[in-house]
Amino acid sequence: KAWSETVATMIISMNSRIWKSMGFFPILMMIFHQIVGRSFVEEGEMSVSTYTKEFLMPGVTPKVSDAYMCTGLALDEDKEEWVVKFNPLASANRAHHMLLFGCTDINPVYIKQGAWDCGHHGVCQGGRIMYAWAKNAPSTHLPDNVGFRIGGKTGIRYLTLQIHYSNPLPDNIKDHSGLQMEVTTEPQMYKAGIYLLMAGFADIPPHTPKTNVDVNCLVGSSEPKEINLFGYRVHAHALGSVISGYLYNQKTNQYTLVAKGNPHWPQAFYPMDHVHQVKTDDILTARCTYNSTTRMTHTYIGGTANDEMCNLYLMYYTDRDEGSESGGCGQETFTYVTKTLPADSDVPLPPNPQLEEHAHGQNQNTKEEITYNSIIGNDIAVDKKAHSRKNPQPDSKYLTQSKPASYNDYEDSSSYGQSSQLPPGRQLPKDNYEPSVAEIPRKGKQLKISAYKSLNGWKQRDLKYGQVTAVALDSKGDVVVFHRGSRSWDGSTFVGNKLRDSKNAISQPTLIHLKGDSGEILHRWGENIFFMPHGLTLDKDDNIWVTDVGLHQVLKFPAGYGNGQPLLTLGQRFEPGSDDSHFCKPTGVAVLKSGEFFVSDGYCNARVIKYSADGKILFQFGKATNNGFGGFGISSPPPGTFNIPHALTVAEDQGEVCVADRENGRVQCFTIEQGKYARMFHFDGWGSRLFSVSYTPAFGGKLFAVNGPQLLNTQKVMAFEVDFTSGELQGAFSPNNQGLSNPHDIVVSPDGVDVYVAEIGPDTVWKFELDEATPVRYMQPSLLERVTNFFKFRLS
């Protein structure tokens, strides 16, 4: 600023008559303004280079409780802009929370409507969070030289405003809540982003004074790589008492407190005491603490005001060209970090009646703002004259006894990788039909409860599983289960993509053969062979095909397991890779009647490879989806891209192989002969994660699929049946219609009568049987009206 004022004085003190006579004075002053930007104005004034954008609801009248409404704003694709300030124009007595998304695309019908129900129809495509507000929080003014980049060639072509209305509004009330943004066209030195830690599941028991829910992420396992934290916001509902955030350095075994907030206070992005540099392989962890002494029943994570949430938003700046604008996670991965959190991590902050009063009723904070004056080195100077406060506790470090580690993968992670193109092993034959090359439409607001019923009498007596990863059927209709015995996959299992313990195989039998009608044990095999079981299938001759993500191999065993020696082994033992002789954590196998087979090389390489019956590569297809952190479930990635191809099934009579694209929440099908994209199944009711799929030619062809625990949704985790030809989602089922916990695999019998689901937690196998005499019922509309994609509920 001093520099710019000196230059300004020099220019103005020059003989202006000379400049004017030459016609250069206006041009010179315009160039000067472009160079010095904000610094050329007095403190407290808006820069001459900034302007405002208002983004308001177009007069909506929510008719139901817990309505989620969205409106969109198209951006100029020829002009890049930077948002440097957010000024909320909303009050807590009407808006429960407000979120702003940057999006790649919005359905043009919704743009034309002006507003839409994004509880059912979703938010947008390719979205990322830019701003979050609740409880009458004041404005947020970003540090100098930092902004959220939108428009132009950034890929952010639209903004979407989402508001959660807890209560319906009278017919004569039109709501225009929203926000005002201060924007500049001047490129900023750093771009801003949001790192979000949120719990996808929590069970808060009644009459309990303290329940902790923990979430942690390894920075660098997904975008972004290196970031600089400067602000934070916490969010929970009525039971939340405190939310704390820590940065854990694996090299020094130290915790640094980066955030601690009371979710009942105005939920602004409060400034941290200084910038916290976060490096690749650091771990960010959040702890949400609840007090349920007044509740009579269990409380879960959900989208209504009576449910709970556990969200910690961390605002950061990063490299303008190379950095990523979003990141985060939704589960507890590193239990050893959680166990050694500082003892006061769940101790609430001192009461502050004034802040709690601010958080309710009409917004009285409209003229106040959180500001950060500047970034100097790694320090942020906080403007104390504004409505702001320092981190309530000083930055503190806690020495632990944990051993340093460097982990970057786990069972529910999102690993990315680009696979090399393998040369085809032969001249490809023509496909036997013309593919549809179309996405199956999402149909219906109400979902039928299927006629498939769980058989409570089907039990595997005297059998204790480890993590159950897969289930398959032999030619007689009997069942084979693949499980991990005493081994489990967590944050400590791999170092990079290499297994930490490559010396000790699982000592228990990992393959269990069961009678299909009774669940009686027929055989047990597979001890001292496998390290991290994952996928399983049986071919027409009952040969057993498995994948082991620790070995990075695909193995084929004879029917009945023979003498335990594989007939075929693909991949190099314990060596991950992406060339024609290596896999990286392969997930599944599907075998054709000819003996040719497909392998989904899922966790790292995001590809599917087709082999001849003797194990020669024929071709491969697929590449990694590039849509930000974990896909985040609100985008529509291009066909043929995967975010963990997790399981395969062959619809041989349809000429297609179908892939469970796990973190994109969809099934993609490709032609068997050439691997061309054919069709896609993607339903709101699945949410953002789709773990497995199985096909039966019965009833004209049906797919059965299981979704998984959602980071940001509240719908039940269930099994689903889909008509393959029409694309109709025909129903859903689970034990007693109570939902599943963490299903990992599904298989349907060739006649379509029996369906089996393997759950990796609570480590069991369910059997369902078709009961066509059961009348069709529908799930509660109130639930299905809320079914949406990933961002519907849990972001605020």
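Are C70 and C118 buried or exposed? C70 is buried, and C118 is buried too. Buried means under 20% relative accessible area, exposed means over 50%, and partly exposed lies in between, with a 1.4 Å probe and protein chains only. The model is predicted, so local features need pLDDT of at least 70 and side-chain atom pairs count only at pLDDT 80 or more, while totals for chains, interfaces and linings use all residues. Residues are numbered from 1 along each chain as its sequence is written, and side-chain values use heavy atoms, with hydrogens and water left out.

C70 and C118 are joined by a disulfide, S to S 2.3 Å. A disulfide here is a pair of cysteine sulfur atoms within 2.5 Å. The torsion about this S-S bond is about 80°, so the link of C70 and C118 is right-handed. C70 sits in strand β2 and C118 in the loop between β5 and β6, so the bond ties together parts 48 residues apart in sequence. Helices (H or I, at least four residues) and strands (E, at least two) are DSSP runs, numbered from the N terminus.

Two strands pair if DSSP finds at least two bridges between them. Strands β2 (residues 67-74) and β9 (residues 158-165) run antiparallel and are joined by eight bridges. T71 has L161 in β9 as its bridge partner.

Now the other disulfides. The whole structure holds six. With bonded cysteines counted along the chain, their pattern is 1-3, 2-4, 5-8, 6-7, 9-10, 11-12. One of them joins C288 to C310, S to S 2.0 Å. The torsion about that S-S bond is about 80°, so this disulfide is right-handed. The pair links distant parts of the chain: C288 is in strand β18 (residues 283-290), and C310 is in the loop between β19 (299-300) and β20 (311-319), 22 residues apart. C288 has a relative accessible area of 1% and is therefore buried. C310 is also at 1% and counts as buried.

Another disulfide is formed by C658 and C669, with sulfur atoms 2.2 Å apart. The link of C658 and C669 is right-handed, with 105° about the S-S bond. C658 lies in strand β45 and C669 in strand β46, 11 residues apart. C658 is buried, at a relative accessible area of 0%. C669 counts as buried at 0% relative accessibility.

R662 is in the loop between β45 (656-661) and β46 (666-671). R662 has 0% relative accessibility, so R662 counts as buried. An unreviewed UniProt entry places a "binding site" feature at R484, Y603 and R662. UniProt positions follow the numbering used here, feature names are shortened, and annotations may be inferred rather than shown by experiment.

Where is Y603 found? Y603 is in the loop between β39 (597-601) and β40 (607-611). Y603 is at 0% relative accessibility and therefore counts as buried. The side chain of Y603 makes a polar contact with the side chain of H534, at 3.1 Å. A polar contact is a pair of N or O atoms within 3.5 Å; within protein, one must be able to donate a hydrogen and the other to accept it, and residues adjacent in sequence count only if both atoms are side-chain atoms.

The structure holds 33 aromatic pairs. W545 and F597 form a tilted one, 4.6 Å centre to centre and 45° between the planes. W545 is in strand β35 (residues 544-548) and F597 in strand β39, 52 residues apart. Both W545 and F597 are buried. Rings of Phe, Tyr and Trp (its six-membered ring) pair if their centres lie within 6.5 Å; planes under 30 degrees apart count as stacked, over 60 as edge-to-face and the rest as tilted. Ring pairs also link Y246, Y248, Y255, F334 and Y336 into a cluster.
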